[in-house]
Amino acid sequence: MLQQIDLLIILHDLDLMFKEYSEKDFSEKAMGFRIKHLEELKQARKEIEEQIDPELYQRYERLNEKYGRPIAPVINGICYGCFIRMPTSIATQSDRNIKIITCENCGRFLYWVT
Ligand SMILES: [Zn+2]
């Protein structure tokens with residue numbers, strides 16, 4: 001089963017794809033594909049959204065509006081959303097990619113790379 005943080009990352013990917021497909025210039029010939037893909041993306045997004053805790057989803061939407069990038073990786077203990085070093089108490093948690101953790105400084109959802 002996917003963790004909530006995985007679902008949030010997927011949701012954000014879909015949002016970026018949606019944005020790309022909405023903004024890209026398409027030729028007449030490609031228009032049909034574009035509309036089809038937008039529909040598919042909408043459907044996929046709905047499926048992901050339904051698996052996310054409603055409270056988390058609301059937070060995601062708020063952060064997305066505020067930053068445009070609501071999720072940030074943590075590499076070597078640093079939040080790559082705001083470049084602040086995480087307190088060691090947070091960074092050493094063994095369940096850090098299972099539990100939802102947000103940056104104390106910028107509020108973004110965090111996932112640990114290293
Ligand atoms: Zn941060």
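The model is predicted. Helix α1 packs against helix α3 at an angle of about 40°, and strand β1 pairs with strand β3 and with strand β2.

**Helices α1 and α3**

- Helix α1 spans residues 4-23 and helix α3 spans residues 54-67.
- The axes of α1 and α3 lie 12 Å apart, at an angle of about 40°. That angle is why α1 counts as oblique to α3.
- The crossing of α1 past α3 is right-handed.
- On the α1 side, the contact is made by Gln-4, Leu-8, Leu-11, His-12 and Asp-15.
- On the α3 side, these residues meet Leu-56, Tyr-57, Tyr-60 and Asn-64. Sorted by class, the contact of α1 with α3 holds five nonpolar residues, three polar residues and one charged residue.

**Strand β1 and its burial**

- Strand β1 runs over residues 71-75 and is mostly covered.
- Of the five residues in β1, four are buried.

**Pairing of β1 with β3**

- Strand β3 comprises residues 109-112 and runs parallel to β1.
- The two strands β1 and β3 are joined by four bridges.
- In this pairing, Pro-73 is placed opposite Tyr-111 of β3.

**Pairing of β1 with β2**

- Strand β2, residues 78-79, pairs with β1 in the antiparallel sense, over two bridges.
- Here Val-74 is placed opposite Cys-79 of β2.
- Strands β1 and β2 form a hairpin, with two residues between them.
- In the turn of this hairpin, Asn-76 has a positive phi of about 50°.

How values were computed. Residues are numbered from 1 along each chain as its sequence is written. This is a predicted model: local features need pLDDT of at least 70, side-chain atom pairs count only at pLDDT 80 or more; totals for chains, interfaces and linings use all residues. Side-chain values use heavy atoms; hydrogens and water are left out. Axes are lines fitted to C-alpha atoms, for helices over the stretch in contact, and angles run from 0 to 180 degrees between N-to-C directions. Angles under 35 degrees count as roughly parallel, over 145 as roughly antiparallel, 65 to 115 as roughly perpendicular and the rest as oblique. A crossing is left-handed if the near helix is turned anticlockwise from the far one by less than a right angle, and right-handed if clockwise. Contact means heavy atoms within 4.5 Å. Ala, Val, Leu, Ile, Met, Phe, Trp, Tyr, Cys and Pro count as nonpolar, Asp, Glu, Lys and Arg as charged, and the others, Gly among them, as polar. Buried means under 20% relative accessible area, exposed over 50%, partly exposed in between (1.4 Å probe, protein chains only). Two strands pair if DSSP finds at least two bridges between them.
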